[in-house]
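I opened my notebook to write down what I looked up, one topic at a time.

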Amino acid sequence: MTAEEARELLGTDKLTRAHVKDFDVFPRSRWIGRCAVLHDAEGTPQEIRFWGHSGD
């Protein structure tokens, strides 16, 4: 996801694990995958979260 998408839909571009539950606000389409960098409380990147939907 882009920083602009994160700011528009979640209000920040420094996403954390707490934001993962809100990822359903992103448009869902078949055959689409997304990823987001998740940060710790200090704003340091810690992990990458992947999610998406197959065409099945």
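**Ground rules.** I am working with a predicted model, in which local features need pLDDT of at least 70 and side-chain atom pairs count only at pLDDT 80 or more, while totals for chains, interfaces and linings use all residues. Residues are numbered from 1 along each chain as its sequence is written, and side-chain values use heavy atoms, with hydrogens and water left out.

**Fold.** I found 1 helix and 2 strands in the protein chain, arranged along the sequence as α-β-β; helices (H or I, at least four residues) and strands (E, at least two) are DSSP runs, numbered from the N terminus. The C-alpha atoms fill a box of roughly 40 × 20 × 15 Å along the principal axes. I noted that buried residues are 21% of the 56 in the chain, where buried means under 20% relative accessible area, exposed over 50%, and partly exposed in between (1.4 Å probe, protein chains only).

**Salt bridges.** My search of the whole structure gave 5 salt bridges, each being a side-chain nitrogen of Lys or Arg within 4 Å of a carboxyl oxygen of Asp or Glu. In one of them, Arg-34 meets Glu-5 at 3.2 Å, N to O. Arg-34 lies in strand E1 and Glu-5 in helix H1, so this pair ties together parts that are 29 residues apart in sequence. Arg-34 counts as buried because its relative accessibility is 17%, whereas Glu-5, at 24%, counts as partly exposed.

I then turned to Glu-47 and Arg-17, whose closest N and O atoms are 2.7 Å apart. This pair links distant parts of the chain, with Glu-47 in strand E2 and Arg-17 in the loop between H1 and E1, 30 residues apart. Glu-47 is partly exposed at 28%, and Arg-17 is exposed at 61%.

I placed Arg-30 in the loop between helix H1 (3-10) and strand E1 (32-39), and it is exposed, with a relative accessible area of 58%. Although Arg-30 and Gly-52 are 22 residues apart in sequence, I noted 8.2 Å between their C-alpha atoms.

Which strand holds Ile-48? I found Ile-48 in strand E2.
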